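Got your viewer open and a selection tool ready? Let's take a short walk, one pick at a time.

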Amino acid sequence: MLAKKQKPDSAPAPKSRAATDAVHPSSAAASDTPSDLGKDLELQAYRDMLMIRRFEEKAGQMYGMGLIGGFCHLYIGQEAVVVGMQLATKPGDQVITGYRDHGHMLACGMDPKGVMAELTGRRSGYSKGKGGSMHMFSVEKNFYGGHGIVGAQVSLGTGLAFANRYRQNGNVCLTYFGDGAANQGQVYESFNMAELWKLPVVYVIENNRYAMGTAVTRASAQTDFSRRGLSFNIPGEQVDGMDVRAVKAAGERAVQWCRDGKGPMILEMMTYRYRGHSMSDPAKYRTREEVEKVRTEHDPIEQVRLRLLATKRASEDQLKRTDADVRKTVNEAAEFATHEPEPDPSELWTDVVR
Ligand SMILES: Cc1ncc(C[n+]2csc(CCOP(=O)(O)OP(=O)(O)O)c2C)c(N)n1
Ligand SMILES: [Mg+2]
């Protein structure tokens with residue numbers, strides 16, 4: 001049973017911090033060269049990011065072949081964000097995000113076969129083939145969706161953090177959302193409650209510079225999203241979201257802040273998506289050169305690959321084998337997802353809330 005004193009509404013009054021203090025105490029570290037991951041973690045990060053990249057490339061192909069229907073938003077370019085954040089968590093921490101969610105699921109350890117089978121609308125998909133790209137969940141892996149309503153996951157993630165605080169289980173909820181979602185009203189209602197009740201939630205703002213075809217500068221009066229919590233006294237950091245080491249380091253600081261009972265924290269991940277907003281994006285709002293420049297100069301996977309080679313932690317051959325291995329897993333997932341049966345028609349009447 002939960003003791004009454006555990007309830008957030010009886011939590012001690014928050015210590016007031018001036019808005020200018022609402023910078024994480026260790027934010028100075030954010031500008032330093034990120035610390036080395038060590039050989040094993042660097043290899044793991046490489047593999048995990050590559051898995052997301054290859055999975056998404058395959059999903060894009062399968063969409064083009066008509067094997068995937070409905071909405072499909074790819075995460076290509078943003079891989080270092082989820083992989084770095086996941087390296088900063090411990091089992092029990094939760095993840096919730098919007099519709100650009102395949103990478104988050106894979107980073108949480110969900111089975112690529114189950115994710116791909118959901119994309120193709122098959123019975124063995126994570127939502128029995130009835131949810132599709134934007135609506136998958138795994139309580140076992142602490143992944144809470146997969147939400148198509150922009151910003152909706154922010155209040156839900158705050159609720160998950162409320163439950164953690166209430167149960168005093170020491171878990172932190174990573175709540176991801178985009179630069180566009182950051183302008184949603186419910187985000188600020190959530191911020192207020194989260195700081196008031198010192199909820200263990202890290203708000204990870206994935207600033208990929210666009211919301212559909214709208215550049216951040218056209219939609220946001222304040223484009224420094226790490227400052228969006230200032231009036232609630234929520235500290236924030238801007239992070240190089242293309243560098244998995246920087247993401248992990250910032251993630252660790254934020255998660256620790258939450259675990260210490262200090263309340264929420266905002267991490268603005270400076271990132272970029274290479275593909276269109278969704279599969280039906282005319283891409284008229286940016287130049288090819290802009291995409292190419294990020295891809296050649298800041299690619300999150302290439303950065304790690306070059307570092308692994310330069311430090312002789314891995315040979316070209318070894319990295320090629322990793323790629324082949326990842327491709328095999330993805331091909332098997334695609335094979336599975338095209339041969340599994342579709343849901344039985346009787347399933348139309350199950351899992352429906354009336
Ligand atoms: C409440 C709501 N308004 C509008 C939409 C349509 N919509 C879907 S995605 C999107 C842009 C969101 O951009 P951002 O938050 O930056 O995330 P990104 O797609 O860049 O990851 C919009 C406006 C929606 N799904 N829900
Ligand atoms: Mg965006």
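**Stop one: a loop asparagine**

Start by selecting Asn171, which you'll find in the loop between α6 (152-167) and β2 (173-178). Keep in mind as you look around that this is a predicted model.

Now colour by accessibility. Is Asn171 buried or exposed? Its relative accessibility is 13%, and the cut-off for buried is under 20%, so Asn171 counts as buried.

Next, show what surrounds it. Leaving out residues up to four places away in sequence, Asn171 touches Lys90, Pro91, Gly92, Asp93, Asn164, Pro200 and Arg259. Pick Gly92 from that set and draw a distance: its backbone oxygen lies 3.2 Å from a polar atom of the Asn171 side chain.

**Stop two: the ligand**

Where does ligand 1 sit? In the largest pocket.

Bring up the neighbours: 15 residues surround ligand 1, and the closest are Tyr99, Arg100, Gly180, Ala181 and Asn208.

Time for some distances to the backbone:

- Select Ala181: one of its polar backbone atoms is 2.8 Å from an oxygen atom of ligand 1.
- Select Gly180: here a polar backbone atom is 2.9 Å from an oxygen atom of ligand 1.

Taken alone, ligand 1 exposes 590 Å². Bring the protein back, and 71% of that area is buried by it.

Definitions and conventions. Residues are numbered from 1 along each chain as its sequence is written. Chains are lettered from A and ligands numbered from 1 in the order in which they are written. This is a predicted model: local features need pLDDT of at least 70, side-chain atom pairs count only at pLDDT 80 or more; totals for chains, interfaces and linings use all residues. Side-chain values use heavy atoms; hydrogens and water are left out. Helices (H or I, at least four residues) and strands (E, at least two) are DSSP runs, numbered from the N terminus. Buried means under 20% relative accessible area, exposed over 50%, partly exposed in between (1.4 Å probe, protein chains only). A polar contact is a pair of N or O atoms within 3.5 Å; within protein, one must be able to donate a hydrogen and the other to accept it, and residues adjacent in sequence count only if both atoms are side-chain atoms. Contact means heavy atoms within 4.5 Å. A residue is near a molecule or strand if one of its heavy atoms lies within 4 Å of it. Accessible areas come from the Shrake-Rupley method with a 1.4 Å probe; for residues, only the protein chains shown count as cover. On a 1 Å grid over the protein atoms alone, a cavity is a set of points where a 1.4 Å probe fits but cannot get out, and a pocket is an open set with protein on both sides within 12 Å along at least five of seven lines; lining residues have an atom within 4 Å of a point. A molecule sits in a cavity or pocket if more than half of its atoms lie within 2 Å of its grid points.
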